[in-house]
Amino acid sequence: MKEPIILGIESSCDETAAAVVRGRTLLSDEIASSASVHAKYGGVVPEIASRAHADAVDDVVSRALAAAGVGKGELDAVAVTYGAGLLGSLLVGLSFAKGFAYGLGVPLIGVNHIRGHLAAAYLEDPTLEPPFVTLLASGGHTAILYAPGEGTFEVLGGTLDDAAGEAFDKVARVLGLPYPGGPRVEELARQGRPSVPMPKMLKGIGGYDFSYSGLKTYIVNYAHTMEQRGEAWSRADLACSFQHAALDILAEKAVEAAREKGCGTVTAGGGVIANGYLRELLAARCAEAGLRLVLPAKKRCTDNGAMIAAEGLLKYKRGEFSPLSLNAQASIPLR
Ligand code: KG4
Ligand code: ZN
């Protein structure tokens, strides 16, 4: 059977992204980010993000098709993020995708952004098949899921309050690092040692659940107290200690879940999975436990079009198409 060619479009936050896949082969992966514009405001400004998407989407899609060497007429479907995300931003990508699909006479496939993050691993290893356990860690979600079959997920546990990425962003602000915070904290942590004692609360959360709000508050208080006392302290050591506390537990619980489920493979997705320390840790823990680890490339952990095309492919194979009346959704519950 001929492999379907699918265009994926993502515009839920501050990245306008488009990619083309032929089956599970990634043909192109293009992105335009408005992050540097938001940096001076300390976070994403929704109105600016929407306008940036409107300016970029046509060009990014054209670049994705050109880089893939695929003509519009060769597309079998157009997949697009319809939620969760910033409504104005989502509407730009969704409206564009509807027009594109309608004009070409091919199906529209609405993709849940989080499902996209979970599907990114499929592009990394063409032999990847369920069952597997997936660690999801993004700006809005932190969870451990079990995939018994293609496209089906059981949530084993998740964050009780903040997401891991959110904690990185907050800690970045306290450390005086610009938006986007996660990569900056990682950079700073590389120059430090895990010498600051961290609260044990994360370890106390049972099952596959997480809680980051206590750790976040602890870091904020630590920095403020040291400042007030005028004591010497190392920002790099605090970043490094936080990074260990926030990420060790993710690797530990992901490996434990795979063991309990008796499946031999762990995958991961979401912006926090781009963290080099976490990637090395997962690799080491999985190797120790005799588990196969499939991680999306770093640029396919943070928001991208390829993951939307990957999830689009799974839905295409199941014949799950969307009506042109599909609306954008600001939030979609994980469970
Ligand atoms: O998946 P993503 O790009 O967007 C959402 O769907 O939320 O994730 C963004 C989150 C942000 O909180 C960002 O700080 C975090 O992922 N992040 C990182 C790194 N790169 C991005 N966190 C830690 N280390 C990184 N290298
Ligand atoms: Zn995302």
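**Exercise 1.** Find the protein donors of the zinc ion (ligand 2) in this predicted model, and describe how the donor residues are spaced in sequence.

*Solution.* Step 1: the protein donors are His113 through NE2, His117 through NE2 and Asp303 through OD. They lie 2.0 to 2.1 Å from the zinc ion. Step 2: written along the sequence, the spacing of the donor residues is H-x3-H-x185-D. Step 3: His117 belongs to helix 4 (residues 113-124), while Asp303 sits in the loop between strand 10 (292-294) and helix 11 (305-317), so this pair ties together parts 186 residues apart in sequence.

**Exercise 2.** Why is the arrangement of the 6 donor atoms around the zinc ion (ligand 2) irregular?

*Solution.* Step 1: ideal angles for six octahedral donors are 90 or 180 degrees. Step 2: to count as octahedral, six donors need opposite donors over 155 degrees apart and all others between 65 and 115. Step 3: the angles here run from 54 to 169°, and the arrangement is therefore irregular.

**Exercise 3.** Decide whether His117 and Asp303 are buried or exposed.

*Solution.* Step 1: buried means under 20% relative accessible area. Step 2: His117 has 1%, so His117 is buried. Step 3: Asp303 has 16%, so Asp303 is buried.

**Exercise 4.** Locate the cis peptide bonds that involve Ala84 and Pro180.

*Solution.* Step 1: the bond from Gly83 to Ala84 is cis, with omega near -10°. Ala84 lies in the loop between strand 4 (77-83) and helix 3 (87-104). Step 2: the bond joining Tyr179 and Pro180 is cis, with omega about -5°. Pro180 is in the loop between helix 5 (164-174) and helix 6 (181-189).

Technical notes: Residues are numbered from 1 along each chain as its sequence is written. Chains are lettered from A and ligands numbered from 1 in the order in which they are written. This is a predicted model: local features need pLDDT of at least 70, side-chain atom pairs count only at pLDDT 80 or more; totals for chains, interfaces and linings use all residues. Side-chain values use heavy atoms; hydrogens and water are left out. Helices (H or I, at least four residues) and strands (E, at least two) are DSSP runs, numbered from the N terminus. Donors are N, O and S atoms within 2.8 Å of the metal (3.2 Å for Na, K and Ca); water is not among the atoms, so sites may look incomplete. Four donors count as tetrahedral if all angles lie between 85 and 135 degrees; four count as square planar and six as octahedral if opposite donors are over 155 degrees apart and all others between 65 and 115; anything else is irregular. Buried means under 20% relative accessible area, exposed over 50%, partly exposed in between (1.4 Å probe, protein chains only).
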